[in-house]
Amino acid sequence: MQMASLVVVGAQWGDEGKGKTIDLLASRSQVVVRSQGGNNAGHTVIVGDEVYKLHLIPSGILYPETLCLIGNGVVVDPKVLLEEMDGLIARGIGCRNLRIDPRAHVIMPYHILLDNLSERARGKGDIGTTGRGIGPCYMDKAERSGLRMCDLIDEARFSERARAAIEAKNRVITGVYGGEPLDADAVIAEYTAYGRRLREFVEDTSVLAYDAVKAGKSVLFEGAQGTLLDLDVGTYPYVTSSHPVSGGVCVGAGIGPTLIDEVLGVAKAYTTRVGKGPFPTELFDETGDLIRNRGHEFGTTTGRPRRTGWFDAVIARFAVRVNGLTSIAINKLDTMAGLPTIKICDAYELDGTRTENFPADLETLGRCTPHYIEVPGFEEDISGCTSFDALPQAAKNYIETIERLIGCHVSMVGVGPARSQMLDR
Ligand code: GDP
Ligand code: IMO
Ligand code: MG
């Protein structure tokens, strides 16, 4: 794939194999940038026998020369970040090429506590968040009361602002939710130490990304979550609190849209979702179990079993539109092997009429039933295939059918989790 600056976004509900795809493309890039989300993300990269599960650090980190940027739009849990850095360093992966933007907001212990308390208070109407404090941190950002990386690394300022914030949040924690208040002194001491360690990594990443693009370097923007989890265009309220769509990259990385050359969507050959919310093509039968077990569909971050279902072309078309995808990668085709026939949802039926666009309102979506076309499956284990042409005819037909239904070029096909198991097309 030709690239100068390339945005990679999840085209479904997350976990599409973005980490693997970025790791592969990063071999041809000088810079990898995360621009939104936080450690709700879990991106798996496999190199040989080594499995890396990255939550905050960009998936380019395995290449020693690649500059890895955590942009202003990311919410950073400094404790998790340091654990992740230490874990990589212990495995011989240096983190000296990591930079964190001073504008990035900091996830504090009260965000994590409030995430879990508010989920509990929602009862049956819970969202099924990852419990990592993501929503409450973005709430403070929007409310203009958040603490940023530039605050964390300034000890006197941090101590003063964190104390005021903890006192205010303790009133909510105890008064609204009946929870245990946080000890301000202990939190300040712990987080001041994190700030001290992270100080040397804080640098304006917008400048670094801009300069790299201008110098003709290849820059990759690594999306987290997925299109249907977008706060604005996703299945609200069953979404995350950031903007995983390509437009979010501009804001979250501090770059303008004219700096982006290509937008690659990443999807699975079927659909999965973790957490609550609508999922029109969800399977509740043995086929769903088979896909979950064969595809190891258990959350990278929380270990929760992922809900599974057929490929939904309505959703993929939606992703093509709202992200302006220039091409799409389809991962995990190997997982579909052995199914006698494969279904693809090409449209929804809504009150007796065919609709090809994903509805805005969940109540409307609830009245939609998926319309399926069926294509022949393939028996063969395709994980050893090294070119698209070498795939069984039925597997090729499946990809070509998807391509036709969504109106977007399928540029890569994944047949296994390793770097080498991605077929260019
Ligand atoms: P991400 O959040 O989009 O980076 O995706 P995750 O890492 O959370 O989940 C994708 C899972 O699928 C990981 O376990 C990957 O190792 C695995 N994976 C990625 N691509 C393929 C593929 O083409 N085939 C198979 N069998 N597994 C894949
Ligand atoms: P990656 O980058 C899949 C889901 C959660 C929940 C909803 C809100 O690995 O694809 P949050 O904690 O963000 O407030 O939870 O979003 N979610 C993800 N699902 N992959 C992810 O990231 C996700 N990040 C958040 O399960 O339904
Ligand atoms: Mg994931």
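A: The second largest pocket holds about 560 Å³ of space. Here a pocket is an open set of points on a 1 Å grid over the protein atoms alone, where a 1.4 Å probe fits and protein lies on both sides within 12 Å along at least five of seven lines. Its volume is the space filled by probe spheres set on the points, which are joined across faces, edges and corners. The model is predicted, so local features need pLDDT of at least 70 and side-chain atom pairs pLDDT 80 or more, while totals for chains, interfaces and linings use all residues. Residues are numbered from 1 along each chain as its sequence is written, chains are lettered from A and ligands numbered from 1 in the order written, and side-chain values use heavy atoms, without hydrogens and water.

The lining consists of 24 residues, and those nearest the centre of the pocket are Thr-44, Gly-295, Arg-306, Lys-332 and Pro-417. A lining residue has an atom within 4 Å of a grid point. Two elements, α1 and β3, each give two or more residues to this lining. Helices (H or I, at least four residues) and strands (E, at least two) are DSSP runs numbered from the N terminus. By class the lining has 10 charged, 11 polar and three nonpolar residues. Asp, Glu, Lys and Arg count as charged; Ala, Val, Leu, Ile, Met, Phe, Trp, Tyr, Cys and Pro as nonpolar; the others, Gly among them, as polar.

This pocket is where ligand 1 sits, meaning that more than half of its atoms lie within 2 Å of the grid points. Around ligand 1 there are 20 residues, with Lys-18, Gly-19, Thr-44, Thr-300 and Asp-334 the closest; to be counted, a residue needs a heavy atom within 4 Å. Thr-44 places a polar side-chain atom 2.6 Å from an oxygen atom of ligand 1. From the backbone, an N or O atom of Glu-16 lies 3.1 Å from a ligand oxygen, and a polar atom of Gly-414 lies 3.3 Å from one. Such polar contacts are pairs of N or O atoms within 3.5 Å. On its own, ligand 1 exposes 580 Å², and the protein buries 92% of that (Shrake-Rupley method, 1.4 Å probe). The shell around ligand 1 draws two or more residues each from α1 (18–26) and β3 (43–47). Its residues are 10 polar, seven charged and three nonpolar.

Lys-18 is also among the residues that come nearest to ligand 2. The side chain of Asn-40 has an N or O atom 2.9 Å from an oxygen of ligand 2.

Next to the pocket residue Gly-295 in numbering is His-296, found in the loop between α10 (286–294) and β12 (307–309). His-296 is not a glycine, yet its phi is positive, about 50°. Most residues other than glycine have a negative phi.

How values were computed. Polar contact = N/O pair within 3.5 Å; in protein donor to acceptor, adjacent residues only side chain to side chain.
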